[in-house]
Amino acid sequence: MYGADAVFVGGKEFSLRSQASNFSLEDIQEGVRFAKQYGAHIHVTCNIILHQDNLEGLKEYLKQLDEIGVTAIIVADPYIMKIAKDMHLNLEVHVSTQLSTLNSRAISFYQNMGMDRVVLGREVTYEDLKMIMDKVDVDIEYFIHGAMCIHYSGRCMLSNYLSRRDANRGGCSQSCRWYYDLYQDGILINQENDMPFSMSSKDMALVHHIGELIELGVDSFKIEGRMKSVHYIATVVSTYRKLIDAYCEDPDYFMQNDYYENELLKAANRALCHGFFYDHPTENEQLFNLRDEHPTQEFVMRIVDYDEETHLAKIEQRNYFKIGDQIEVFLRIMKIFSLPLKNFIMKTRKR
Ligand code: SF4
């Protein structure tokens, strides 16, 4: 609804997101129908690293995804790559970012295996991307926004070690973002009253570089939005949609300004950085201690219905608000506008 060309979702099986409330096949089918109304596609992540006991039911699952109209599967295990192609389905097969593909020869390898798209690792710098785009001839997807792993994507055992939840099988407990005591030569160096230590990273936002990436010929931009609120997703997706459309409409006269970043900050719940775009991140891209970033706005309500005759809106309240607050209304079909909340009539629903 807010401008994405495709949405990637995790199914209940074979997905890395087993902890999220994932989509059943029926949910995915409903998603495909919904996306089609907006000319959009559904991609399904099948990107676990298969253990022996994960093999059963795989072929049947891929067949079902194909039948219900899913456009692509996103995979990490070579066996899934192979059988998805051997089965001659309509499904495109995309190489997951979990494989940390960072160079043109690896991409050519996947291309020779018949893969339709490679989602690059978040660790590809702009300079490397330039060389890659020059050398390869397969669809390339590049991350432009979202959370970063502090370890190379998909190569982290921290969660497995500390909480016995397997990050490579969908169970990451985000252990990098916990707070830790820090020792040097056996001596605790963040004392009780100091800030706790964390290994968390700022979120990536390439809002100022979209034009350069379009010029390189990147085929698809990826926004990470796992387990984020509807407000976050709608804000981030619509901001990049507007930015991409504005750039493509008139690249020569496109004016990059702070408007787009300010829009993102309305929903951002972590500080933003450029990830690996310029080079390897420095200490400035990390969040070593207490996170105190907040979105510049609160998501207070979702309008679920509006009666033209009575002028009454049915809302779902998401946060505290009061008379006198300035409310910004963010709708898919209209420009954003704001108004002061002068009064409201509240009718509670009868049980
Ligand atoms: S613990 Fe952190 S670095 Fe490791 S997989 Fe999870 S989010 Fe990524």
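Student: Where is Ile48 placed, and does Ile48 count as buried or exposed?

Tutor: Ile48 sits in the loop between β2 (41-46) and α2 (58-67), where helices (H or I, at least four residues) and strands (E, at least two) are DSSP runs numbered from the N terminus. This is a predicted model, in which local features need pLDDT of at least 70, side-chain atom pairs count only at pLDDT 80 or more, and totals for chains, interfaces and linings use all residues. Residues are numbered from 1 along each chain as its sequence is written, and side-chain values use heavy atoms, with hydrogens and water left out. Because its relative accessibility is 6%, against a limit of under 20% for buried, over 50% for exposed and partly exposed in between (1.4 Å probe, protein chains only), Ile48 counts as buried.

Student: Into which domains is the chain divided, and how many Å apart are their C-alpha centres?

Tutor: The chain is divided into domain 1 (6-153 + 202-279) and domain 2 (301-340), with bounds from an automatic or database domain assignment. The C-alpha centres of domain 1 and domain 2 are separated by 32 Å.

Student: Which side chains meet in the salt bridge?

Tutor: Between domain 1 and domain 2 the count is 1 salt bridge, meaning a side-chain nitrogen of Lys or Arg within 4 Å of a carboxyl oxygen of Asp or Glu. At 2.9 Å, N to O, the side chains that meet in a salt bridge are those of Lys266 and Glu328.
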